[in-house]
Amino acid sequence: MPVGKPGIKTLWWGLWLLGSLALAAWLGMSLLDNDASKSAFLPGAMTHGHHQIELQCSACHDEGFNSQEVLQNACVNCHGEQLADARDSHPKSKFTDPRNANRLANVDARYCVSCHVEHRPELDVGMGVTLPMDMCVHCHQDIGEERPSHQGMAFDTCASAGCHNFHDNLALYEDFLLAHADEPWLSERPRLTPRNLASRMSDADLVALIQGSGTPPADKTVPEHWDGNAHAEAGVACTACHGDADQWVDKPAPLQCAQCHEQENEGFLQGRHGMRLAMELSPMTPSQSVLNMHVEASHRELTCISCHGAHDFDTQKAAVDSCLGCHNDEHSNEYLRSSHHRLWQAEKRGELPPGSGVTCATCHMPRETHGDDVLVQHNQSLTLRPVEKMIRPVCMQCHGLEFAIDALADPHLVEKNFQGKPEHHVPSVDMAVERDKAREGKRGPY
Amino acid sequence: MQYSRTLFATALATLLLSACGGGQESKPAVGIDPQVYTDSLFAVMNADRTNYTKMIIGRLGPAGADSIKPHEYWEDLENGAPLPAQMFRYGAEAVAEVSSDFSYSLQSLWPINSQNAPKTELEKEGLQYIVDNPGKNFYGTEALGDTTYYTAVYPDVAVAAPCAACHNNHKDSPKTDFELGDVMGGVVIRVPM
């Protein structure tokens with residue numbers, strides 16, 4: 001046997017070994033280094049709800065990959081509060097009862113991932129749901145017998161026709177439909193509740209934060225857009241955001257605003273604009289979005305000042321121009337041709353009272369009343385999917401329930417930013433009224 | 001599971017005591033009888049529910065000071081308050097969040113929500129038994145999934161006039177002639193063996 005041949009073979013084996021070791025080392029380093037990309041470990045692309053944080057494996061898997069409970073806790077940590085607020089129609093507690101053991105064999109609804117499988121985007125039938133849309137029939141197959149009005153309806157229309165949702169039925173339950181039957185399509189005084197941030201000025205801690213401490217460096221001057229803005233009006237000192245002369249920061253950290261705007265920041269971090277920051281990743285940029293964005297905006301980083309500006313804090317700009325500066329999909333672009341936009345223009349010209357106009361923020365960042373405070377919800381993703389989540393906090397501020405259900409159930413109308421009338425009528429309210437008539441005036445003691 | 005845990009703990013304690021040579025006479029392993037366990041749980045549940053019905057809803061509701069509005073959709077009403085049956089269910093759901101050592105539910109042969117009709121054979125038998133035998137409870141064991149359960153069914157009685165009136169007039173109620181004192185349904189308590 002020639003001497004050189006085993007040597008070549010050994011060399012190949014050596015190269016293979018070295019290559020394997022190098023690959024193992026690279027993978028190991030990637031795994032252990034928090035700042036390194038984890039893309040090599042992704043078993044598949046993530047859904048639109050999670051793709052921004054897909055490289056932060058620990059966001060969902062924590063420290064290990066062997067526990068269903070760990071995954072479930074991760075889901076609940078981010079989504080649990082919203083589900084509770086929505087009075088989740090199918091909470092886990094409905095399925096832990098042993099009498100439902102046979103149902104769990106079909107769909108183990110104790111765990112979010114039974115219906116929302118990740119890393120398998122080809123299974124996504126919308127909203128991150130990876131089960132066929134006829135899943136309701138597993139438990140509610142008798143509905144056709146109980147409700148003659150439901151006979152003949154297809155199994156996959158329960159949650160796709162604007163009538164029911166698995167989790168959030170706040171605007172769709174029967175008594176609510178009855179309570180809001182016969183409402184006109186537009187209320188007599190369609191107007192938003194005014195924000196009242198200034199009312200927080202009675203909070204001594206907040207006032208102390210606003211006043212800051214110390215003095216700014218001598219070479220710093222008042223910025224160009226300062227006069228007349230909301231912070232100037234409220235008496236916010238330069239040092240409140242930038243620190244005093246000894247600790248001055250030219251560009252405060254993205255979350256500096258949270259010192260005073262805690263609730264707004266909390267919502268921002270829960271939404272798609274802020275969720276990367278919440279996971280201690282770099283800020284979101286439009287280039288990372290799965291939606292159509294303006295190319296020139298691709299690398300803008302999303303923090304508070306991206307929309308509000310660093311010193312002008314212009315809420316009018318933040319309500320429309322900032323959104324349309326990045327978003328370039330049909331719904332966004334059609335806004336400028338919509339009646340909602342015409343109302344906004346009229347309000348800005350002073351032809352209509354404040355609160356009459358409808359901006360991007362009016363619908364996607366609705367005003368919420370918390371005790372005496374009227375705050376803007378900064379989680380702009382909160383009511384996006386399913387769209388019926390918008391009915392109560394958004395549409396019904398100005399429109400009747402029946403019109404809102406019809407409008408949101410018409411995907412073409414949504415795409416056209418509500419120019420025109422709904423193509424189809426969803427008979428939810430009619431069915432509730434008919435059924436109520438059949439009660440022949442029976443009313444409980446309450 | 002609860003039963004076997006109790007047995008295991010008792011056995012372990014006995015073993016440790018004998019190993020210590022304390023000179024005590026070994027005692028037979030003792031665990032709580034499942035019926036005593038479920039009876040005790042029901043006693044607490046029933047007392048709380050009756051108290052809520054009479055002391056809160058009765059005193060502050062429309063029949064009393066009229067300062068709260070008991071309603072199925074109480075969260076959407078100003079001064080709304082959960083109905084006694086809902087309060088009971090909230091308790092069951094809260095327990096399910098923290099323990100799998102027992103579970104309980106409110107069921108009826110005439111449920112307002114059809115999901116609360118009896119499903120298992122033992123539930124059907126038990127609910128019929130407590131209706132046919134007023135004042136008596138029903139006990140049995142059943143296998144659900146891969147677990148065997150000790151299951152007890154207790155009568156749920158209309159303790160106040162509004163209980164019967166509300167059920168009789170609810171649009172989803174299949175029975176409309178309940179009277180005060182009637183068995184309207186049953187509390188089903190399950191303990192994994």
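Domain bounds here come from an automatic or database domain assignment. On that basis, chain A is divided into domain 1 (51–169) and domain 2 (197–429), and 30 Å separate the centres of these two domains of chain A, taken over C-alpha atoms. The structure is a predicted model.

**Contacts between domains and between chains**

- Between the two domains of chain A, twelve residues of domain 1 are in contact with 18 residues of domain 2.
- On the domain 1 side of this contact in chain A, five residues are nonpolar, six are polar and one is charged.
- Between the chains, 19 residues of chain A are in contact with 27 residues of chain B.
- The side of chain A that touches chain B comprises ten charged, six nonpolar and three polar residues.
- In general terms, the size of an interface is often given as the accessible area lost when the parts come together.

**The four-stranded sheet of chain B**

- Chain B contains an open sheet of four strands in the order β3-β6-β5-β4, with antiparallel pairing.
- The edges of this sheet are formed by β3 (103–107) and β4 (138–144) of chain B; each has a single partner strand, so one side of each is left without a neighbour in the sheet.
- Neighbouring strands of the sheet are turned by 25° against each other on average, with direction ignored.

**Helix packing in chain B**

- Two packed helices are described by the angle between their axes and the distance between the axes.
- Helix α2 (residues 34–60) of chain B packs against helix α3 (residues 84–98) of chain B at an angle of about 135°, and their axes are 9 Å apart.
- The crossing of α2(B) and α3(B) is right-handed.
- From α2(B), the contact is made by B:Arg49, B:Tyr52, B:Thr53 and B:Ile57, and from α3(B) by B:Pro84, B:Met87 and B:Phe88.
- By class, the residues of the contact of α2(B) with α3(B) are five nonpolar, one polar and one charged.

**Hairpin and local backbone features of chain A**

- Strand β1 (residues 367–370) and strand β2 (residues 373–376) of chain A run antiparallel and are joined by four bridges.
- In this pairing, A:Thr369 stands opposite A:Val374 in β2(A).
- The hairpin of β1(A) and β2(A) has two residues between the strands, and A:Gly371 takes a positive phi near 65° there.
- A:Glu280 also has a positive phi, of about 60°, although A:Glu280 is not a glycine.
- The location of A:Glu280 is the loop between α12 (275–278) and α13 (304–308) of chain A.
- A:Arg385 and A:Pro386 are joined by a cis peptide bond, with omega about -15°.
- A:Pro386 is found in the loop between β2 and α18 (401–408) of chain A.

Notes:
Residues numbered from 1 in each chain as written. Chains lettered and ligands numbered in written order. Predicted model: local features only at pLDDT ≥ 70, side-chain atom pairs only at ≥ 80, totals over all residues. Contact = placed C-beta atoms within 7 Å. Nonpolar A, V, L, I, M, F, W, Y, C, P; charged D, E, K, R; others polar. Pairing = 2+ DSSP bridges. Axes fitted to C-alpha atoms, helices over the stretch in contact; angles between N-to-C directions. Left-handed = near helix turned anticlockwise from the far one by under 90°.
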